[in-house]
2 protein chains.
Amino acid sequence: MPPLAASSTNPAPKPPRPPTTSPTLGLVGGGQLAKMLAQAAQQFGCEVVVLERTPNTPAAHLARTTLLGDWDDPANLLKLGAQVDVTTLENEFVASESLAALEHAGHAVWPSSRTIRLVQDKLLQKEALAGAGLPLPRFVAVAEPADIAAAALNFGWPLVLKKRRNGYDGKGNATLRSPADIASAWAELGGGAGALYVEEFCPFVAELAIMIVRGRAGESVAYPLVETVQQNHICHLVKAPAAVAPDIAQRASEIARLTVESVEMVGAMGVEMFLLADGTVLVNELAPRVHNSGHYTIEACVCSQFENHVRAVLGWPLGDPSLLAPAAVMVNLLGAGPGSGTPHGLAQALAVPGSHPHVYGKAHSQTGRKMGHLTVLGQTLPEALEKARHAAGLIRFGDSPIS
Amino acid sequence: MPPLAASSTNPAPKPPRPPTTSPTLGLVGGGQLAKMLAQAAQQFGCEVVVLERTPNTPAAHLARTTLLGDWDDPANLLKLGAQVDVTTLENEFVASESLAALEHAGHAVWPSSRTIRLVQDKLLQKEALAGAGLPLPRFVAVAEPADIAAAALNFGWPLVLKKRRNGYDGKGNATLRSPADIASAWAELGGGAGALYVEEFCPFVAELAIMIVRGRAGESVAYPLVETVQQNHICHLVKAPAAVAPDIAQRASEIARLTVESVEMVGAMGVEMFLLADGTVLVNELAPRVHNSGHYTIEACVCSQFENHVRAVLGWPLGDPSLLAPAAVMVNLLGAGPGSGTPHGLAQALAVPGSHPHVYGKAHSQTGRKMGHLTVLGQTLPEALEKARHAAGLIRFGDSPIS
């Protein structure tokens with residue numbers, strides 16, 4: 001797929017305000033990613049306006065204004081656009097047609113509606129990547145349950161059935177081990193015309209990820225390749241850099257860069273990959289935004305993914321993605337149960353030298369909800385891992401105290 | 001001076017809210033120091049309430065609420081105290097009697113009114129330090145102009161005449177080279193009973209500073225000794241660590257630690273020192289708050305002065321003050337003239353690798369006003385210095401474009 005000039009899919013930004021006014025950044029979504037983007041923008045003297053469906057989200061207190069409303073409604077996006085210089089996203093679940101309406105009204109939106117359209121539908125995403133010659137698991141659209149059995153003839157069992165849209169943290173995926181699993185998975189995922197596709201199962205030895213930030217003019221920076229470890233399909237920890245052979249790291253980085261090119265991303269993109277036993281690297285999924293696998297960059301890199309995303313969408317030069325220490329480990333802090341959004345044990349975790357806990361400020365904890373994260377740098381991965389696990393283990397979200 | 005138990009000068013904090021509510025931090029003052037404190041607090045999920053005299057100050061958009069009013073008015077401090085768990089200061093120009101009223105109403109205030117009373121009056125400050133046996137230039141109170149001539153008999157010329165209160169960035173100081181300068185300096189500084197004191201002139205070879213953060217229980221951490229370079233009496237740049245012999249650095253650090261003990265500081269304190277040609281280190285002045293000489297710690301240290309101040313006043317364990325790189329240089333970005341608070345040349349400065357510009361978001365620039373700062377890390381001080389000077393030189397605040 002030949003790259004299009006960015007301007008062909010995204011109209012020129014509105015005439016800029018006088019050069020003595022800092023740009024204002026519009027954020028669709030007000031969760032923890034928006035909060036950390038707002039912090040980066042505020043360092044540059046920029047203000048932030050958030051569009052969210054509910055009040056009191058993590059980014060709310062940092063925003064000049066929080067507009068309440070459904071972000072799929074173009075009228076709400078236009079209200080946001082009218083208050084800001086550039087609009088960007090903290091999630092990819094915004095209707096690309098609504099983003100296109102914002103662009104057509106002359107507002108700057110990065111990433112573009114075209115990129116979001118390609119990425120938010122995983123079947124279109126896979127087709128775009130396959131068209132660009134990138135390595136990925138075999139996949140095929142399924143219109144009815146019989147198509148799954150047909151795919152199994154090519155791909156073998158197990159198979160992974162996936163929703164094309166709105167899946168995250170394992171939600172919207174089902175692993176099928178035999179024909180007996182088809183009917184229940186089809187029902188569970190709400191199968192129907194154009195809703196699902198099927199992918200071959202990848203017997204990976206590690207899950208890798210890399211953050212790429214690409215600017216408006218096509219320039220890009222690549223963060224180190226990291227290994228992500230999932231628990232119950234949710235990112236549990238991230239090890240930076242991934243302990244793989246240099247040639248694998250280099251190949252993965254090149255694949256990630258081409259992936260980001262192929263969907264003409266502007267801003268930060270997380271590229272999740274599978275590493276197979278023979279050293280093969282396959283693209284798993286894309287996140288067209290700052291990503292959990294890049295939270296470690298706040299403390300561990302010269303310029304964080306959040307700062308670089310802000311730089312990219314504002315059209316400013318990108319920053320240095322290099323590590324400041326030989327190793328870093330990030331552990332997600334998930335809700336252990338329902339309760340308040342304030343943790344037990346924060347002071348104890350702060351007593352672990354070099355521990356960097358982040359508390360998102362969500363009003364409520366739920367089992368498995370991302371409530372915060374914690375990063376530790378180290379001279380080696382095992383050292384950082386041990387400290388990070390220890391410190392994170394002292395923090396608990398949810399009303400029952402640590403036993 | 002024997003150390004007092006902190007509780008004797010500052011009543012026990014209010015009964016804490018349930019452990020599932022994050023503490024809210026009250027900030028007296030809403031400038032750039034309050035902004036950077038708010039950013040640190042928000043990382044922990046804490047909210048911030050600001051008391052300021054004018055709206056739209058740098059910290060305003062980060063605060064849950066900004067209360068408008070004179071911070072010397074105890075009624076305004078009590079309004080702030082009622083909304084927060086702990087109150088702290090971004091400047092020392094708050095009437096210590098008003099802070100004491102807040103303490104007596106049962107609110108937690110750190111640093112305590114007693115510490116602020118001792119430090120905000122430079123004559124009391126010097127007397128406290130002298131009483132603790134710390135090395136400092138000779139000084140004496142002056143009640144009338146004739147006292148200055150008398151002091152010169154002891155100290156020689158030149159002499160430095162200083163206001164006891166509310167001086168900063170060289171404002172409130174005058175250097176007198178002969179008896180002919182006495183009358184005009186006395187008039188300029190508003191001489192009168194109890195207003196001024198005089199100090200011997202120190203022929204320093206370098207100005208040094210160190211940030212110490214001391215916790216409620218008396219534990220403390222010391223950041224690296226830095227060299228500060230002033231232009232027109234305003235901090236122009238900071239080199240970390242200071243290029244001095246290890247024994248000088250060690251002695252300066254010990255002097256700073258004892259200084260902070262002697263005034264029973266809780267929170268971050270900047271200790272400014274003179275280095276004389278023979279290696280003598282003398283205490284110059286104290287800032288009982290986060291300080292311009294510690295801004296480099298945001299990027300250069302494991303835990304910044306802002307995060308450590310928040311930890312200290314909330315009663316949490318202190319973080320690691322170690323440098324992440326061999327060297328760091330911070331350059332202040334001062335207004336070059338009147339105009340908007342948004343700089344020209346920010347994008348150009350961002351193109352300098354490893355440049356970390358901070359724009360405070362002040363509404364207006366004035367000549368010499370602190371509008372932002374810029375930090376660069378390096379493998380050596382000269383490398384960091386060159387890059388920082390280059391990047392900072394690309395940024396200009398004030399309406400006339402860079403010539």
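Residues are numbered from 1 along each chain as its sequence is written, while chains are lettered from A and ligands numbered from 1 in the order in which they are written. In this predicted model, local features need pLDDT of at least 70 and side-chain atom pairs count only at pLDDT 80 or more, whereas totals for chains, interfaces and linings use all residues.

User: By what turn can chain A be laid on chain B, and what relation is that?

Analyst: The copies are superposed by least squares on the C-alpha atoms of residues with pLDDT of at least 70 in both. The RMSD is 0.0 Å, and the shift along the axis is 0.0 Å. The turn is 180°, which means that the relation is that of a two-fold axis.

User: Which residue of chain A has the C-alpha nearest the axis?

Analyst: The axis is the one about which chain A is turned onto chain B. The C-alpha in question lies 2.3 Å from the axis, and it belongs to Leu62(A).

User: How many residues of chain A are in contact with chain B, and how do they divide by class?

Analyst: Two residues are in contact if their C-beta atoms, placed from the backbone, lie within 7 Å. By that criterion 37 residues of chain A touch 37 residues of chain B. Ala, Val, Leu, Ile, Met, Phe, Trp, Tyr, Cys and Pro count as nonpolar, Asp, Glu, Lys and Arg as charged, and the others, Gly among them, as polar. The side of chain A that touches chain B therefore divides into 16 nonpolar, 16 polar and five charged residues.

User: What is the orientation of helix 4 of chain A relative to helix 5 of chain A?

Analyst: Helices (H or I, at least four residues) and strands (E, at least two) are DSSP runs, numbered from the N terminus. Axes are lines fitted to C-alpha atoms, for helices over the stretch in contact, and angles run from 0 to 180 degrees between N-to-C directions. Helix 4 (residues 96–104) and helix 5 (residues 113–120) of chain A pack at about 175°, with axes 8 Å apart. Because angles over 145 degrees count as roughly antiparallel (under 35 as roughly parallel, 65 to 115 as roughly perpendicular, the rest as oblique), helix 4 of chain A is, relative to helix 5 of chain A, roughly antiparallel.

User: Is Lys171(A) buried or exposed?

Analyst: A residue is buried if 20 or more other C-beta atoms, placed from the backbone, lie within 10 Å of its own, exposed if 12 or fewer, and partly exposed in between. Lys171(A) lies in the loop between strand 7 (159–163) and strand 8 (173–176) of chain A. It has 11 other C-beta atoms within 10 Å, so Lys171(A) is exposed.

User: Where is Asn232(A) found, and what is its phi?

Analyst: Asn232(A) is in the loop between strand 12 (226–231) and strand 13 (234–240) of chain A. It counts as exposed, with 10 C-beta neighbours inside 10 Å. Most residues other than glycine have a negative phi. Asn232(A) is not a glycine, yet its phi is positive, near 50°.

User: Which residues are joined by the cis peptide bond with omega near -10° in chain A?

Analyst: Most peptide bonds are trans. The bond runs from Trp157(A) to Pro158(A).
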